[in-house]
Amino acid sequence: MIVTPREKIDFGLDSSVGRWWFGGDAYKTRVVDGFQLTFPDGERYFISSVRGFRDGVSDAGLKEDVRAFIRQEAQHGMQHMAFNELLKQQGIPVEAILKFERKALKLMETRFSGRFNLALTTAFEHFTALLADTFFANKATLAQADERVRALLGWHAVEEMEHRHVAFDVYVNSAKGGYLMRVGAMSLAICMVVIAMYRLSDILLRADGFSRAQRLSMHLKNLPWLLGRKGLLSGMLPRILDFYRPGFHPSQAHDLHNYPAWLEKWNETKDPLQAAQALYDAAH
Ligand SMILES: [Fe+2]
Ligand SMILES: [Fe+2]
């Protein structure tokens with residue numbers, strides 16, 4: 001896979017995207033929106049973590065990949081910022097909600113070493129690559145989603161696959177990071193993902209007008225969807241645990257099998273919706 005930045009893409013996202021774009025399902029929508037809320041700040045954090053060790057990269061190929069990684073992540077941040085504007089139009093107090101995450105990121109950047117922040121970035125990058133596979137390898141997962149949101153997530157997923165090795169290689173080759181630090185970072189990252197997922201989806205559902213009792217019942221009812229035997233998150237667990245193997249490298253992690261379908265359609269049309277449809281059609 002070649003790390004290819006694709007800039008200024010128009011997904012046609014506007015206020016006509018339904019509030020609950022995931023098949024009218026408030027819970028599923030807000031779980032994914034919770035993740036999306038964190039992306040612009042998260043991408044900035046990933047970029048600055050990698051940038052801190054960019055100068056120590058000696059391999060010309062990796063240097064080029066780092067440049068392309070930064071451009072890809074910057075675009076992801078911008079596109080998700082635009083999506084978050086749509087949430088604001090729905091009356092979601094995005095800035096107030098994100099105060100907590102922003103404080104946490106700042107604390108991490110000031111209290112942790114650059115190397116540990118990069119280790120955390122490699123852990124989160126493993127997550128995003130797995131999320132790409134989780135969302136797009138099978139048709140059933142996003143069958144009910146609005147096609148424009150699916151196109152946004154599809155493009156992001158494809159590029160996460162393309163650059164999944166970059167932060168890891170910078171961590172090993174330039175930051176000289178070791179095994180214990182990266183698995184410690186992954187353990188912290190898992191906790192952060194689960195806490196953020198429940199915290200943010202709950203706040204979003206409250207903003208949608210659901211009472212505490214209604215939200216509790218939604219969380220319980222959707223436990224199997226998230227954490228059941230074939231749940232969205234629990235299904236990722238074996239591959240999250242791959243990261244704990246001493247010889248792990250992201251390139252060994254499962255490829256998104258339908259990636260070539262997206263790429264071919266994108267190269268032919270430069271239309272993210274058609275490319276996402278090809279990705280969807282080629283899914284299992
Ligand atoms: Fe990204
Ligand atoms: Fe990424």
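Angles under 35 degrees between two axes count as roughly parallel, those over 145 as roughly antiparallel, those from 65 to 115 as roughly perpendicular and the rest as oblique. The views below come from a predicted model, in which local features need pLDDT of at least 70 and side-chain atom pairs count only at pLDDT 80 or more, while totals for chains, interfaces and linings use all residues. Residues are numbered from 1 along each chain as its sequence is written, and chains are lettered from A and ligands numbered from 1 in the order in which they are written.

**View 1. Helices α1 and α3 in contact.** Helices (H or I, at least four residues) and strands (E, at least two) are DSSP runs, numbered from the N terminus. The axes of α1 (residues 26-51) and α3 (residues 94-111) cross at roughly 30° and come within 10 Å, and the two helices are therefore roughly parallel to each other. Axes here are lines fitted to C-alpha atoms, for helices over the stretch in contact, and angles run from 0 to 180 degrees between N-to-C directions. On the α1 side the contact is made by Leu37, Thr38, Asp41 and Tyr45, and on the α3 side by Val94, Ile97, Leu98, Glu101, Arg102 and Leu105, where two residues are in contact if their C-beta atoms, placed from the backbone, lie within 7 Å. These residues divide into 6 nonpolar, 1 polar and 3 charged; Ala, Val, Leu, Ile, Met, Phe, Trp, Tyr, Cys and Pro count as nonpolar, Asp, Glu, Lys and Arg as charged, and the others, Gly among them, as polar.

**View 2. The packing of α4 against α5.** The axes of these helices are 8 Å apart and the packing angle is about 130°, which makes α4 oblique to α5. From α4, Thr128, Ala129, Ala132, Phe135 and Phe136 meet Leu153, Gly154, Ala157, Glu160 and Met161 of α5, and the residues of this contact comprise 7 nonpolar, 2 polar and 1 charged.

**View 3. The largest nonpolar core, with 65 residues.** A nonpolar core is a set of buried Ala, Val, Leu, Ile, Met, Phe, Trp, Tyr and Cys residues joined through C-beta atoms within 7 Å. Val50, Leu118, Ala123, Ala132, Ala157, Ala167 and Val170 touch the most other members of this core. The elements giving two or more residues to the core include α2 (60-89), α6 (166-173) and α7 (179-207), and the largest share, 12 residues, comes from α4. Leaving aside neighbours within four places in sequence, Ala167 is in contact with Phe46, Val50, Leu118, Thr121, Thr122 and Glu125.

**View 4. Glu162 in helix α5.** A residue is buried if 20 or more other C-beta atoms, placed from the backbone, lie within 10 Å of its own, exposed if 12 or fewer, and partly exposed in between. Glu162 has 23 C-beta neighbours inside 10 Å and so counts as buried. Not counting residues up to four places away in sequence, Glu162 touches Met1, Ile2, Val3 and Thr4.

View 5. Most residues other than glycine have a negative phi.
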